[in-house]
Amino acid sequence: MPKHPERERSGFFCTHFFGRMFAKTPFIYWGLIPLITVPVWAAGGTYTPWQSSFPWLCLWAWCCYFITSFNKNGPEVFQKCKRIIRDPLFLLSAGFLSYLLIQHLNSGRIQIFDFELNKYSYSPPPFPKWPWSVTPPESKEMLNWFAPALTLFLILRYSWSSLNPQILIWWVCLNGFLNALLSFMHQAMGWEYMYNFQKFGKDVYGSFGYPNHAAIFFTLLFAIALGLFFRETLSESSERDTPSLYFSAIWTLFFFLAANFSTSRAGILGAWLVLGFTTLSISIIAWPRIHPVQRVYGILTLLGLIATLGTGFILFAPPAIIRELKNATVNLNIYREIDGRFFQIETAWKMWKDYPIYGVGGWGYRYFVYEYLPENEWGRLNVGKANVHNDFMQFLAEFGLIGMTLLSSIFIPMISRHLRNLFRKPHIESSLWANPLRIACAWGLFILALDCQFDIPLRSPAIVLHAIFMLYLLGPHPHYQTVWSPVVDWQRLQPPLVGMKNRIWGVQPEQASESIQTHRLKKG
């Protein structure tokens with residue numbers, strides 16, 4: 001494995017996590033950590049009374065960012081402010097939040113009975129030609145959802161190269177670990193309420209009021225922990241961060257079980273798919289690059305990992321989890337699942353065609369869906385089914401063409417860049433396959449994108465925030481560079497490699513060329 005002297009390593013947890021945190025850029029971490037943490041414990045960010053703190057968290061994060069910038073650059077802060085204001089993505093983000101604000105201010109439609117049409121409808125908004133929504137509280141909820149997400153996206157965009165991702169990874173995983181413990185306690189003690197005192201819905205899992213949200217949340221954390229575990233496992237001993245190795249192994253097991261125990265088919269399938277796709281990808285990349293003896297060690301390690309996770313699942317999974325696993329696999333009725341959701345996508349499409357420019361406002365789908373279904377099909381809708389169960393179609397129907405264009409334009413440049421890196425060779429630094437952490441995060445985000453076609457995971461601010469963080473983990477960073485060397489011809493290099501010291505990755509490219517020359521001289 002290539003050595004990277006600039007990568008900061010630690011041998012002691014407190015020195016690494018807290019010492020590094022306060023040594024260089026303390027204030028920016030103080031801003032980002034609450035922004036990522038609080039929504040997780042506020043019902044995944046979906047409990048309206050607890051969302052009042054979100055705008056203040058955004059303001060605090062920006063203050064911490066500028067304080068850090070001022071401490072480092074002094075007078076250059078004002079120049080940086082000018083560059084930020086001129087940044088197209090900042091302008092798009094401000095435009096989207098302004099659009100949501102207009103929808104909120106132009107809300108307040110009430111249900112009335114139209115005697116001419118002999119049916120119920122809604123009163124016109126205060127300004128009919130402007131973007132609108134139905135109710136003020138629900139339209140305000142959209143602002144509370146997207147303001148933290150866009151704040152995190154922009155601050156990471158402007159400071160990512162100067163941050164230490166491992167600090168944020170540690171915090172995200174520790175926070176998720178505590179939430180997983182709460183989820184296990186919730187199940188073990190049979191709590192009906194969130195934290196055993198807050199009533200929220202009929203099906204609570206940990207701090208989430210919707211088990212499917214909790215399932216995807218723990219699936220994303222499982223991808224991060226699994227990637228970190230492989231990253232440290234496949235590092236040379238001189239560069240391995242031992243605390244990260246041990247803790248990531250624990251987090252991997254806990255997040256895997258938490259995702260599976262959520263009674264959500266998305267979590268059960270998602271966790272196993274992330275495990276399978278990640279291990280398969282790393283195996284394919286590593287196989288031609290490691291010594292044949294190390295391939296045996298790798299196979300044994302993978303078998304041990306899968307056996308540990310599988311044993312934990314079998315020993316601790318309650319009957320309801322086994323039943324959901326069967327419903328998601330052997331008993332899965334594809335036709336019924338598609339039929340139960342596709343009619344909502346058709347309805348959202350018809351709704352968008354009637355309100356193509358502005359949409360029907362945040363949460364507006366649930367108010368207008370009855371106008372697009374025959375009365376005898378109203379029974380197919382209940383509290384959960386009043387959503388499209390397709391995040392992209394629901395955003396399109398509620399935000400319209402303007403809102404959806406603004407929102408997608410913010411993230412398309414980064415996603416396009418990652419898709420281009422998908423086709424680069426693993427030993428190239430910018431490649432999506434250059435690091436096990438990137439590989440695992442990529443598969444985690446793939447499962448999230450897949451789940452968005454059948455459910456509503458992006459309607460949880462906690463999931464959106466962690467997904468944005470994972471998007472940045474997909475890119476190159478000085479602390480997490482490529483671990484792969486170019487493919488090695490081990491048959492030619494075998495004689496001079498007897499007694500080699502590099503136990504994991506074998507020789508480096510420059511060492512390989514020297515070994516080949518030495519071998520040729522001996523043959524000559």
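Predicted model: local features only at pLDDT ≥ 70, side-chain atom pairs only at ≥ 80, totals over all residues.
Begin with everything displayed: the protein has 524 residues, of which 54% count as buried, and its secondary structure consists of 19 helices and two strands. If you colour the surface by element, carbon and sulfur atoms make up 67% of an accessible surface of about 24200 Å².

Helix 8 is largely enclosed by the rest of the structure, because 22 of its 23 residues are buried.

Then move to helix 16, residues 436-451, and pick out Arg 438. Arg 438 has a relative accessible area of 1% and is therefore buried, the cut-off being under 20%. Showing its surroundings, and leaving aside residues up to four places away in sequence, you will find that Arg 438 touches Glu 429, Ser 430, Ser 431 and Leu 432, as well as Leu 473, Leu 474, Gly 475, Pro 476, His 477, Tyr 480 and Gln 481.

Finally, return to the surface and select Trp 287, Val 293, Val 296, Tyr 297, Ile 299, Leu 300 and Leu 303, which form a nonpolar patch with about 710 Å² of accessible area together. Of these residues, centre the view on Leu 303, which is found in helix 11, residues 292-316. Leu 303 counts as exposed because its relative accessibility is 52%, and the cut-off for that class is over 50%.

Note on methods: Residues numbered from 1 in each chain as written. Heavy atoms only, no water. Patch = residues over 30% accessible without salt bridge, like charges linked within 9 Å, V, L, I, M, F, W, Y side chains within 5 Å. Areas by Shrake-Rupley, 256 points an atom, 1.4 Å probe, with all protein chains shown as cover. Salt bridge = Lys/Arg side-chain N within 4 Å of Asp/Glu carboxyl O. Helix = DSSP H or I, 4+ residues; strand = E, 2+ residues; numbered from the N terminus. Buried < 20%, exposed > 50% of the residue type's maximum accessible area, 1.4 Å probe, protein only. Contact = heavy atoms within 4.5 Å.
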